[in-house]
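Student: I have a structure open and would like to learn how to read it. Can we go through a few features together?

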Amino acid sequence: MTDEKKPSRKIEKADIFKFAGLIAFFAIMVLIVVLLWPYFGDLFEEGGIERIIADVRDAGPVGFLILLGLQFLQIVVAFIPGEVVQIAAGLLYGPWLGSLIILVGCVVSSAFIFALVHKLGAPFVQSMVPTQYLNKFRKFELTGKLNIIVFILFLIPGLPKDVFTYLVPLTDMRMRTFLLLSNVGRIPGIVVSAYAADGLAEGRLMESVIIFAVAAVIAVLGIVFRERIMKLLEKHSDKKN
């Protein structure tokens, strides 16, 4: 009898990419804990949160870079909820500067993914993210309505924008067009999250709770009806073609 060797699983580039992204994410989280460790005791004292926020703001570029790193990984690794980073930005830097930091991170990470996908191609994308929407994007491209559809998809809360970021580069859309449409579409959600988080820091509790509640309902509706939204856009593009 001969022993049959089971075929070893080939390590895909996407697996290495995901693992590296995960390690980087946890490394940044460890760095955050190390930097904030001396201040954790203040959390349980009156005015402690305000002092921590002020200390982080006074840290200058370090805080900016940490948030940029988290936002980069949130989109690139595509498993970290974006709202977490947006709320942190709003708490630490207010609605406008916080939103700007997040938007810069979105532009940088989207450009990185676009270039990476163009270099590694469809097999990398297929092993990196779910590709059930890939045929729809190719169909949108044939109708000539891809630009407006991409903008709408990035504007609607609850849709898998990070997955779309990997799929759009497989179409003929140019990078600068994609960066403009996708990131302008992200702006309302970013500003709303950062503004509500700033309200928590500034004591506007009821206002922030209402904003978060409304945003959560809209996001849940986007998640629940994402397939219908995609079908509706597909049907609309067919009519206009």
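Tutor: Start with F178. Leaving aside its neighbours within four places in sequence, F178 is in contact with S110, F114, V150, F154, T165, V168, M173 and N183. Contact means heavy atoms within 4.5 Å.
Before going on, note that this is a predicted model: local features need pLDDT of at least 70, side-chain atom pairs count only at pLDDT 80 or more, and totals for chains, interfaces and linings use all residues. Residues are numbered from 1 along each chain as its sequence is written, and side-chain values use heavy atoms, with hydrogens and water left out.

Student: How do I read a nonpolar core, and which residues have the most contacts inside the largest one?

Tutor: In soluble globular proteins, nonpolar side chains tend to be buried together. A nonpolar core is a set of buried Ala, Val, Leu, Ile, Met, Phe, Trp, Tyr and Cys residues joined through side-chain atoms within 4.5 Å. Buried means under 20% relative accessible area, exposed over 50%, partly exposed in between (1.4 Å probe, protein chains only).
Here the largest core has 43 residues. Those with the most contacts inside it are F137, V150, L153, F164, Y166 and F178. The largest share, 11 residues, comes from α4. Helices such as this are DSSP runs (H or I, at least four residues), and strands are too (E, at least two), numbered from the N terminus.

Student: How do I read an aromatic pair?

Tutor: A pair of aromatic rings is described by the distance of the centres and the angle of the planes. Rings of Phe, Tyr and Trp (its six-membered ring) pair if their centres lie within 6.5 Å; planes under 30 degrees apart count as stacked, over 60 as edge-to-face and the rest as tilted.
The structure holds nine such pairs. In one of them, F64 and Y93 are tilted, at 4.9 Å centre to centre and 50 degrees between the planes. F64 in helix α3 and Y93 in helix α4 are 29 residues apart.

Student: Are F64 and Y93 buried or partly exposed?

Tutor: F64 is partly exposed, because its relative accessible area is 31%. Y93 has 9% relative accessibility, so Y93 counts as buried.
Now take F154 and F164, an edge-to-face pair with 6.3 Å between centres and 65 degrees between planes. F154 lies in helix α7 and F164 in helix α8, so the pair ties together parts that are 10 residues apart in sequence. Both F154 and F164 are buried.

Student: Which residues do ring pairs link into a cluster?

Tutor: The cluster is F114, Y133, F137, F140, F154, F164 and F178.
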